[in-house]
Amino acid sequence: MSTSPGHRLRSLLPALVAALCTGAGAIEPGLEIVWRDEFGGASINTANWTHEVNAWGGGNNELQYYTARTLNSFVSGGNLTIRARKEPYTEIDPSDGVEKTRQYTSARLNSRFKGDWTYGRMEVRAKLPSGQGLWPAIWMLPSDYEYGGWAASGEIDILELRGETPTEAIFSLHYGAPYPGNVYSSGSISTVDLSQDFHVYAVEWEEGRIRWFLDGELVQTRTSWWSSAGAYPAPFNKRFHLLLNVAVGGNFLMNPPENPDYFPQEMVVDWVRVSQIGQQRPYLGAPVELPGRIEAEHFDLGGQGYAYNDTTGANLGDGERPEESVDLEVTSDPGSSGNLGFVQPGEWVEYSVTVPADGSFTSSFRTASAAGGGTATLRVRSPLSRAEYTTGVTIPSTGGWQTWTTVEGDSPLEIPAGDYIARLEFLTGEFNVNWFELALPAGAVDGWFLY
């Protein structure tokens, strides 16, 4: 860790989709939906999901060829269906360029780089397939593998099922060292036949604790794990993404009989919802109105992973809000009491803002750096529409950690009226931030220019 003032933070929820749920699987009070797919369209939403296409076998000697065909996965009637079929299928495997033939096909979808989170409540309402050799799974993998290959960077299995025992729900964690030094913790419960109806499978993932739920009932809690490449709570302190798939056969369960008569089999998903645990709220009691100046130390309340991401876990500065892990300092910059310091790549802070009228906003940033400067991004995103307005900024070296200059953002932000979350995200370098400002150009009134 550098001893020079800069600031440290972590990564979580990409786009806030604030909404309340009604009906089956309603979100509990105090939880806010931040990402969801209700499968209400005519096709799989490629902004949320990516198909994995391969015949690799998942490292488990599985028998299926995963395809992106609508024969194997589709949306209809408000549901996503993943269909495992018994059929010979030959295609060039994109993972290695080799033509392969498999006797089963299926689908595997992931949300990597489209839905990635550090902590939260992940819920899926689904009806599962059954039959010898069927292996439906609702699970999570690391998006960045910062601690190394599987399973040093972790795996969270929200629900797995062996098709020959559809009344046994299985919940697991994988961690440890890269294969073959991987280990796991697993539990299961006996329940109703999960292939006969829809059920809600969920995890609540917090720092140092992961809990599993079946239809709202707590079924397992884990607080102990390790990674060969990081201190606890690694590896479950980095962002993960969701996966939905139906595998066939493999090391985890029995293979199907030679001529099974129960295919095709389907996993039908009603919805997927990811919720924030806790409540992010403005530090000053109300969102900052734009145009206006935002003091860097006035980031939202809500804590690590919700209102900010700080990689040190401790406040390294001497400024206000010592109970927060964000690194704040007393500043000598006139007109301000404190600045945000110890900035490091991958960290971020968020601010609730409101825009009373449409506008084309310029941005400026008050910064200081004795370590060569760096780069940052300002993202202003809508909690409802998921629309995002972004500008970059390049921070120069100023020759001192309290030698301040004002720099301009790379491009204007065309922001409609509404309520937003402004995230200041640090990409490269080390620097301090005192404040940032969004303003209307001279001569503009409510986003319109006077001529």
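**View 1. Arg293 over the face of Trp435.** Arg293 lies over the face of Trp435, at 3.6 Å from the ring centre; a charge counts as over a ring when NZ of Lys or CZ of Arg is within 6 Å of the ring centre and within 35 degrees of the ring normal. Keep in mind that this is a predicted model, where local features need pLDDT of at least 70, side-chain atom pairs count only at pLDDT 80 or more, and totals for chains, interfaces and linings use all residues. Residues are numbered from 1 along each chain as its sequence is written, and side-chain values use heavy atoms, with hydrogens and water left out. Elsewhere, the charged end of Lys86 sits over the ring of Tyr104, 5.2 Å from its centre.

**View 2. The salt bridge between Glu437 and Arg293.** Here the side chains of Glu437 and Arg293 meet, N to O, at 3.2 Å (a salt bridge puts a side-chain nitrogen of Lys or Arg within 4 Å of a carboxyl oxygen of Asp or Glu). The two come from distant parts of the chain, 144 residues apart: Glu437 sits in strand E29 (residues 418-439) and Arg293 in strand E20 (residues 292-295). Strands (E, at least two residues) are DSSP runs, numbered from the N terminus. Glu437 is partly exposed at 23% relative accessible area, and Arg293 is partly exposed too, at 43%. On this scale, buried means under 20% relative accessible area, exposed over 50%, and partly exposed in between (1.4 Å probe, protein chains only). The structure holds 23 salt bridges.

View 3. The closest N and O atoms of Arg381 and Glu350 are 2.4 Å apart. Arg381 belongs to strand E25 (residues 359-381) and Glu350 to strand E24 (residues 348-355), so this pair ties together parts 31 residues apart in sequence. Both residues are buried. Shared partners join Glu350, Arg379, Arg381, Glu388, Arg423 and Glu425 into one salt-bridge network.

**View 4. Asn72 in its loop.** Asn72 is found between strand E3 (64-66) and strand E4 (73-76), and it is buried, with a relative accessible area of 0%. Its side chain makes a 2.9 Å polar contact with the side chain of Thr105. A polar contact is a pair of N or O atoms within 3.5 Å; within protein, one must be able to donate a hydrogen and the other to accept it, and residues adjacent in sequence count only if both atoms are side-chain atoms.

View 5. A search of the whole structure finds 17 aromatic pairs. Rings of Phe, Tyr and Trp (its six-membered ring) pair if their centres lie within 6.5 Å, with planes under 30 degrees apart counted as stacked, over 60 as edge-to-face and the rest as tilted. Trp35 and Trp49 have ring centres 5.5 Å apart and planes at 80°, so they pair edge-to-face. Both are buried, Trp35 at 0% and Trp49 at 2%. Trp225 and Phe236 are also edge-to-face, at 5.2 Å centre to centre and 85° between the planes. Ring pairs link Tyr119, Trp205, Trp225, Tyr232, Phe236 and Phe240 into a cluster.

**View 6. Ile156 in the largest nonpolar core.** This core has 49 residues, and Ile156 and Leu244 touch the most other members. A nonpolar core is a set of buried Ala, Val, Leu, Ile, Met, Phe, Trp, Tyr and Cys residues joined through side-chain atoms within 4.5 Å. Strand E17 (residues 240-248) supplies the largest share, 5 residues.

Note on methods:
Helices (H or I, at least four residues) and strands (E, at least two) are DSSP runs, numbered from the N terminus.
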